[in-house]
Amino acid sequence: MRVLSLFLGLSIFLKPSSRFKPTFRYWLPDASVDAKILANDIKQSAAIGSGGIELVGFYEYGGELGVMPSGANWSTYGFGTPAYRHLFKTALQTHLQEGTLMDFIIGPNQGQGVPANATNPGLQWDMIPYTTEVPQNGLFEGTLPGWTDGTLVSLVTALVSSTRNVSAQVVGTAGTSNITYQEYTLKADSLKRHLQGFDESTGHFKISLPQLPTGTHYRIFAFYERLSGHRNLHFESTRHETIFDDGSYAVDHFDSAGAQVVIDFWEKHMLVDGIPELLHKAGRYAVIPYVDVPECESLSFLDSIDSYRQFTGPAHLSGKRIISNEMGAVRGSAFSLHIPDLLFSVNRALVGGINRVVIHGLTYSGSYFGTTWPGYTPFRYLFSDPWSAKLPSWEHALPSVLGYIGRAQYIQQQGVAKTDVAIYNKQSATAFTTVYDQTDLLKNGWSYSYLSADNLFDHHAKVHDGVLAPDGPAWKALVVHSSQNITCAALKTLALFAHEGLPILLAGGLPGEYATGSQGHHANFTSQLQSLVRTENVYQVEAGQVANKLSSLNLHPDVRADVNGTLYATWREDKTVSYAMLFADLDSLCGSVTAQSSAKPYFLDPWTGQTFPVAVYQRDKNFTTIPISLSGNQTLFLAFGDASEPRGSISPVYINTTSVNLPFHLEDWNLTVEHWEAPDNFSDSAGTFKYNTSHQLDTPTSWTNIPELVNASGIGFYSTSFEWPPLTRLDYSLGAYLHIPNVEDAVIVSINEVSLRPLDPTHASVDITEHLVDGHNLVQVLVPTTMWNYVRSVIDNLSTAGSLPLPVTLQQHMGAPIRERVATGLLDPVTIIPTISMKLRL
């Protein structure tokens, strides 16, 4: 079939190169480990479809989650030592052999810094605040608060108009904790910075402040700076002869001096012995223009599409081609992350604008100090998932999953990401809450992302022909919601945008003032805001009516949705092809989408790499409407191009109609379970004991409902059969679909001992017509499980790097319950759906 031959790198989509494949973050315990096992781990990851690893010298999270195990030695096996350099070189050589690409962090733990002298001025600095109340008479004389705790940076007095006690929950590595603090509301015009009036040698300060209004008081605020001394690896050593004896220090991330500390360290300790040459050949950053790749993570973003849009909007504006994500870390889910849950996180990131994922995380598979079976487990069993060949899903699920992600990333890295609407967001950092909380844009298929006040001054933020950043996201309008505060400078820029034809929509009322500088600007702000309101192309609309106003302006989304559910879409444009990604969020939906393209549409299947023409669609001038039906969390990828291809040149397409006979469930299953368990000697961290048991099931159900399998983990081999066809006399060609509902992990299906294509767990339905025979038909389903149910049953016997699993520690000291068992195996009846087929010639 000649499909997409003129415009799509079909061979790359079918088999993406390492550049497009997902990678693993690789947790290296320390440099004492076996280089041969490290190399084998990298080879195994390449064999299942990984594009490489991101090498992380983990060192037990810098010592935050555990003690240094007996036998470990930071001074000998630390980051940058000859032992570490040997492993680093081995990893690069292995990537070169495997044709994959290696990433790496620039320091131990999470790369916050490197070993250095503790007094190096390029290390992290802290701003230390102190405050004290001025007596009611307004007179203060004495030593400034915090005088000995650093160098004074700023001294301010202010009138406190109100005080309140605040309680909040903060999230740490091990969970949440409660904090309390006092919050002061200051009278803006009372703030005064004092550049003199204190003794620079003693900190003595004397001041007389004006008379106080009733119910208020003055406070002194003193701010100091000092080297924080914060270590990103803080194991203690009994000797202090070299920089490697004192752990590793976080560097200053806001000054070039911090970067210079890292540069100096790498040039002296890492970029030697042939490593620079290997980096050029096998290092991802050496061969691909990934400089300044922005990266976020699914853990802190909580899989929020809105939060991703806050992150990716500025990145797309500045022309970033690659936006990365550390993917799949879920608190409390070690050994229990289901494949559909991983895909859910991946798909929400992709539709939020992310186009490269680094999976959290591949673990060193060999023996390590103080570690039992199932092997080294970073974060002490707290976060998902310790991927390795010790998980049943490694060989039986991840190859198809990584293939899907790689092909999806290939599509999402083509051309330029386009977005319909920019929404002003006063925050300069990502807020992990939904900013635009109206549903009108989403329901009508309008894609949007966020820009802050500073983003408006980016040199890419130019309007041409009424479009903002036409060579980038090409936003058709900019929305400012009344909940936002805006600066005077931003008001001037919005007025300029409007003069150049960009529609500016003020939704739900007028925004508030975002004051900047030391002087009040309220009068000037009010004047500028009213001037903006009177400007051509500026519109005031009610909350929730933005989509209607955009339509009235004869604007159209790149992908308009007319569906009975929640559909997210992305749109990318290359020189000759446009691409759409559709994602049915949470629940199933059906309806249609209309794309702003008159080019010929094609389906792209990232599970198989196949491409085929859309058989049923309607074209109206520059718009193409396609009917869709998606299960919850299912994706659909489309390409539009090659409109000049003559009709009739494509092979016939077969369409299965609705069922002609009632669907029927498959019954009387034989189940063989391959149990994966610890060896008799738990200290054998590298071995897994496997044995089989047999079970008869009338209909599939979770192993947690089968007494003999309640604590079992491993692989389920299911088999049954059915007679075909269900009717003896037929005047038409009868086919069938096989449907597996509620897939909890992954399924590999064969019919009459012929393996079928990889199945999307969100919609595990496949045409089996060509594999059917008259009479007896054999169905076999392989289901890998997570390891949690078995690990949970023996967790009291386990340890990693000399520490107990954190769930055990939390249970012992805080009474926190161990996570319950998870559903495994086939959960519901498997259905055969008879169909008839008709042939269409396009």
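Helices (H or I, at least four residues) and strands (E, at least two) are DSSP runs, numbered from the N terminus. The close-ups below come from a predicted model, in which local features need pLDDT of at least 70, side-chain atom pairs count only at pLDDT 80 or more, and totals for chains, interfaces and linings use all residues. Residues are numbered from 1 along each chain as its sequence is written, and side-chain values use heavy atoms, with hydrogens and water left out.

**View 1. V33 in its loop.** Look for V33 in the loop between β1 (23-28) and α2 (35-47). V33 is buried, with a relative accessible area of 9% (buried means under 20%, exposed over 50%, partly exposed in between, using a 1.4 Å probe and protein chains only). Setting aside neighbours within four places in sequence, V33 is in contact (heavy atoms within 4.5 Å) with L28, L87, Y364 and Y368. Of these, Y364 is 331 residues from V33 in sequence, yet their C-alpha atoms are 8.5 Å apart in space.

View 2. A nonpolar core is a set of buried Ala, Val, Leu, Ile, Met, Phe, Trp, Tyr and Cys residues joined through side-chain atoms within 4.5 Å. The largest one here has 116 residues, and F24, L55, Y84, F88 and W387 touch the most other members. Helix α13 (residues 398-412) gives this core its largest share, eight residues. Once neighbours within four places in sequence are left aside, the contacts of L55 are Y26, L28, Y84, F88, A91, M102, D103, F104 and I105. Elsewhere, a second, separate core of 32 residues includes A736, L759, V781 and L826.

View 3. In α7 (residues 275-282), the buried residues are I275, L278, L279 and A282. Seen down the helix axis, these buried residues fall within an arc of 105 degrees, so they line one face of α7; the arc is that of the directions from the axis to the C-beta atoms. On the face turned away from the buried side, you will find the exposed residues H280 and K281.

View 4. On a 1 Å grid over the protein atoms alone, a cavity is a set of points where a 1.4 Å probe fits but cannot get out, while a pocket is an open set with protein on both sides within 12 Å along at least five of seven lines; lining residues have an atom within 4 Å of a point. Grid points are joined across faces, edges and corners, and a volume is the space filled by probe spheres set on the points. Strand β28 supplies the largest share of the lining, four residues. The lining divides into seven nonpolar, 10 polar and three charged residues (Ala, Val, Leu, Ile, Met, Phe, Trp, Tyr, Cys and Pro count as nonpolar, Asp, Glu, Lys and Arg as charged, and the others, Gly among them, as polar).

**View 5. The second largest pocket.** This pocket holds about 630 Å³ of space. Of the 20 residues that line this pocket, I106, G111, Q112, H253 and V262 are the closest to its centre. Helix α6 (residues 256-269) contributes the largest share of the lining, six residues. By type, the lining has 11 nonpolar, six polar and three charged residues.
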